Amino acid sequence: MNQHLKTAFKYITSIGLTLLFLYFAFRGTDFAGVWQILAGANYWWALSLLPMLLISHMLRAWRWEYLLRPIKRDLKYRNLFSATIVGYMLNNLFSRLGEIARPYAIGKLEGISRSAALGTIIVERIFDMLSFMIVVALIPVVYSGPLTQVFPWLEETGIWISIVTLMALAMFTFLMMRRDIVVRILEFITRHLSPKNAKLVHHITHSFLDGFLFLKEPKNYFMIAFLSVLVWVFYIIMQFLPFYAFDMTEKYPLDLGTAMVVQAISSIGFILPTPGGTGSYHYFVIQTLTRLYGVSDDVARSYATVTHAIGFIGTTLLGFYFFFKDKLHLGDMKKRELIQEPSTGGIGIET
């Protein structure tokens, strides 16, 4: 399958999943009832999620600086935030494209290796998965209802995600520490390639592993962990405040614990390859609110629609601003990287 077919298949699959989840989320909806709820909502409370979302993105950019610090010191925070928000904007429009956009953007703005920056993105995703599993494990502390009956797959899925995530972290850590083994593996893999292509593979691989060099700086572990916790705290607050937009705290037993459960389960919607969690976020939020907390279908659908729309539009507009402000180009994201001088701890790639 050539690259164009792979790309087409990926986007068709993403669109298909989005439509499927939207169908299951909104089938049988009384749209007149939902419209009445939306018309009577307090949008000041709904819009209060925007500053929480902005702060969470800012914290992510700050955490990213600690991961990139071994590759380049004194990174400009403004550039880190720009690359972060552009990545989320593109994830909203094209599923997973933001994972390519962020290394490209920070590479262009700060002149560092795209491959190394991509390595730090993988590290971030590992942290996100570990944080997700910790929050899922804490659900029984704040919820004692029929969680496993409603979501029977959640516990087993969590176990497998934890195993795969920890194995990936262990593997990349080992390879980052033992570059001599990496060299021998690469020499075996590239023995039939031309010298130029073999050299490129070596450079890209070592530069990617540079993304895990933060492990050699234990002094930064606390801040990375602390910022990871803060990101989730603001995510939970972001889910909680819009409860007031629909008077949900008065009509139903909803509190910060509820917001944590909603955030944890709805995060699965963003793990799936749908653009910006469209459809999948709606489905998991609606299922959580209606089946775990007895919220009416129309109120749950209104809440899911409004919270997703505000976050989606806010992030996308801000991302567009930085995208054009920094003169980034989608076409440049897939250009081949050129070889440059070795970077700290490995071999760098010019972007």
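Helices (H or I, at least four residues) and strands (E, at least two) are DSSP runs, numbered from the N terminus. This is a predicted model, in which local features need pLDDT of at least 70 and side-chain atom pairs count only at pLDDT 80 or more, while totals for chains, interfaces and linings use all residues. Residues are numbered from 1 along each chain as its sequence is written, and side-chain values use heavy atoms, with hydrogens and water left out.

View 1. The C-alpha trace spans about 65 × 40 × 40 Å along its principal axes. Of the 351 residues, 53% are buried (buried means under 20% relative accessible area, exposed over 50%, partly exposed in between, with a 1.4 Å probe and protein chains only).

**View 2. Helix H16 covers residues 297-325.** At 1.5 Å a residue, its 29 residues should span 42 Å, and the end C-alpha atoms are 42 Å apart, which agrees. The expected span is 1.5 Å times one less than the number of residues. Lysine 327, which follows H16, has a positive phi near 55°.

**View 3. Threonine 315 is a residue of helix H16.** Its relative accessible area is 7%, so threonine 315 is buried. Apart from neighbours within four places in sequence, threonine 315 is in contact with Leu53, His57, Ile85, Tyr88, Met89 and Asn92 (contact means heavy atoms within 4.5 Å). Leucine 193 is 122 residues away from threonine 315 in sequence and 43 Å away in space, C-alpha to C-alpha.

**View 4. A nonpolar surface patch is formed by Leu93, Phe94, Phe320, Phe324 and Leu330.** Together these residues have about 450 Å² of accessible area, computed by the Shrake-Rupley method with a 1.4 Å probe, where for residues only the protein chains shown count as cover. Patches are made of residues with over 30% relative accessible area and no salt bridge; like charges are joined within 9 Å, and nonpolar side chains (Val, Leu, Ile, Met, Phe, Trp, Tyr) within 5 Å. Leucine 93 is found in helix H5 (residues 77-93) and is partly exposed, at 33% relative accessible area.

**View 5. Aspartate 128 forms a salt bridge with arginine 60.** A salt bridge is a side-chain nitrogen of Lys or Arg within 4 Å of a carboxyl oxygen of Asp or Glu. The closest N and O atoms of this pair are 3.2 Å apart. Aspartate 128 lies in helix H7 (residues 114-142) and arginine 60 in helix H4 (residues 49-68), so the pair ties together parts 68 residues apart in sequence. Aspartate 128 counts as buried at 14% relative accessibility, and arginine 60 is buried at 5%. Both belong to a network of salt bridges that links Arg60, Arg63, Glu99, Arg102, Glu124, Arg125 and Asp128.

**View 6. Arginine 179 forms a salt bridge with aspartate 210.** The closest N and O atoms are 2.9 Å apart. The pair links distant parts of the chain, 31 residues apart: arginine 179 is in helix H10 (residues 179-189), and aspartate 210 is in the loop between helix H11 (195-209) and helix H12 (221-240). Arginine 179 is buried, with a relative accessible area of 13%, and aspartate 210 counts as buried at 1%.
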